[in-house]
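Welcome, and thanks for taking a look at this one with us. Here is a short tour of its packing, helix by helix, to read alongside the view below.

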Amino acid sequence: MAKIIVVTSGKGGVGKTTSSAAIGTGIALKGHKTVIIDFDVGLRNLDLIMGCERRVVYDFVNVINKEATLSQALIKDKRTKDLFILPASQTRDKDALTIEGVQAVLDELSEEFEYIICDSPAGIEKGAQMALYFADAAIVVTNPEVSSVRDSDRILGILQSKSRRAEEGKEPIEEHLLLTRYHPERVAIGEMLSVTDVEDILAIPLLGVIPESEAVLKASNQGTPVILDQESEAGLAYTDAVDRLMGEERPLRFLDVQKKGFFKRLLGG
Amino acid sequence: MGIFDYFKAKKTPSSASVAKDRLQIIVAHERSKRHQPDYLPQMQQEIIDVIRKYVEIGNEDVQIQLENTDDCSVLELNVTLPEQN
């Protein structure tokens with residue numbers, strides 16, 4: 001049985017797809033056979049972030065509608081062994097996803113894979129609900145910013161009431177907080193919510209903190225998951241988060257302000 | 001922060017702490033509503049309509065609250081009637 005992990009947030013633009021790509025790649029790098037599914041039907045982007053946009057022939061909806069087999073639709077990652085991508089449809093809408101259809105695909109994937117990462121669309125409507133319905137664990141991607149934190153709390157409520165585990169009265173979905181786009185400098189001068197602030201409000205265990213990093217845009221420009229950039233703070237922070245997800249202990253890094261020189265501080269900037 | 005910023009009086013709370021306070025309030029409020037049944041707003045409206053047949057009241061004069069304790073739920077209805085002339 002595969003472990004199904006949804007990457008979700010409620011709010012858009014917080015880094016769900018970046019995180020799905022990074023974490024999926026990180027898990028596969030540890031030797032676990034992993035598939036990342038793009039649930040954002042109509043607005044697919046995981047293929048671009050993973051750099052396989054030109055290799056998409058069939059998609060998730062084709063498989064649900066039995067227009068293609070899973071093995072025809074799955075794209076094997078060229079860089080990372082044990083990693084596959086199932087792209088979303090770009091032409092259909094979110095109604096193309098049905099509980100039965102999604103379940104059939106997940107069941108088939110479960111036979112072959114150890115981890116299934118569901119990259120959720122933004123919002124709390126059908127697409128997002130489909131992405132989280134079958135989850136065993138959820139990674140809630142949050143920016144240290146009011147609207148993102150509020151939306152994360154909202155999605156936590158949905159995880160606790162509208163998932164299969166909730167409906168069947170099973171053990172609840174494992175919840176993990178992933179704080180992204182974190183600026184330690186702005187936190188230090190009281191301009192941004194700190195890790196502890198967000199932990200206090202959402203009250204779920206922290207999986208990791210990804211500092212704001214130029215490497216993220218650079219990686220998406222090139223279609224490479226940022227976790228493969230092991231020179232960047234973001235890449236290393238994602239590696240730590242994957243280690244924690246696998247049950248290893250890793251201290252938090254990159255939360256302290258880098259010391260500026262005396263003159264730079266005096267003159268500002 | 002440059003040298004000039006040090007001269008500015010910094011008495012107001014940081015924007016991050018304002019954000020945290022606001023979030024704690026709104027999140028607690030929304031969590032308390034999370035477990036209330038979907039029919040509650042409509043029921044509230046219908047109760048208001050019934051009372052209005054007899055007494056002139058505004059929408060804000062009826063407060064409705066559902067409290068769940070371990071083994072029972074209490075529906076609290078608070079209607080403020082206008083002063084009699």
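Predicted model: local features only at pLDDT ≥ 70, side-chain atom pairs only at ≥ 80, totals over all residues.

The largest nonpolar core has 54 residues, and Leu86(A) and Leu109(A) are the members that touch the most others.

**The cores**
- Once neighbours within four places in sequence are set aside, Leu109(A) is in contact with Val35(A), Ile37(A), Leu70(A), Leu74(A), Leu86(A) and Ile116(A).
- Apart from this core lies another one, of 35 residues, including Ala22(A), Leu46(A), Ala137(A) and Leu207(A).
- As general background, nonpolar side chains in soluble globular proteins tend to be buried together.

**Helix α7 of chain A**
- The 16 residues of α7(A) should span 22 Å at 1.5 Å a residue, and the C-alpha atoms at its ends are 23 Å apart, which agrees.
- The buried residues of α7(A) are Ser148(A), Val149(A), Ser152(A), Asp153(A), Ile155(A), Leu156(A), Gly157(A), Ile158(A) and Leu159(A).

**Where α1 meets α12 in chain A**
- Helix α1 (residues 16-29) and helix α12 (residues 233-245) of chain A pack at an angle of about 60°, and their axes are 9 Å apart.
- With that angle, α1(A) and α12(A) are therefore oblique to each other.
- The crossing of α1(A) past α12(A) is right-handed.
- On the α1(A) side, the contact is made by Thr18(A), Ser19(A), Ala22(A), Ile23(A), Gly26(A) and Ile27(A).
- On the α12(A) side, Tyr238(A), Val242(A) and Leu245(A) make the contact.

**A closer look at Ser110(A)**
- Ser110(A) belongs to helix α5 of chain A, which covers residues 99-112.
- Its relative accessible area is 8%, under the 20% cut-off, so Ser110(A) is buried.
- Leaving aside neighbours within four places in sequence, Ser110(A) is in contact with Met1(A), Ala2(A) and Ile116(A).
- Ile116(A) is also in contact with Leu109(A).

**Chain B at a glance**
- Chain B has two helices and two strands, and along the sequence they follow the pattern α-α-β-β.
- Of the 85 residues in chain B, 15% are buried.
- Among chain B contacts between residues at least 6 apart in sequence, 26% join residues at least 24 apart.

How values were computed
Residues numbered from 1 in each chain as written. Chains lettered and ligands numbered in written order. Heavy atoms only, no water. Core = buried A, V, L, I, M, F, W, Y, C linked by side-chain atoms within 4.5 Å. Buried < 20%, exposed > 50% of the residue type's maximum accessible area, 1.4 Å probe, protein only. Contact = heavy atoms within 4.5 Å. Helix = DSSP H or I, 4+ residues; strand = E, 2+ residues; numbered from the N terminus. Expected span 1.5 Å × (residues − 1). Axes fitted to C-alpha atoms, helices over the stretch in contact; angles between N-to-C directions. Parallel < 35°, antiparallel > 145°, perpendicular 65-115°, else oblique. Left-handed = near helix turned anticlockwise from the far one by under 90°.
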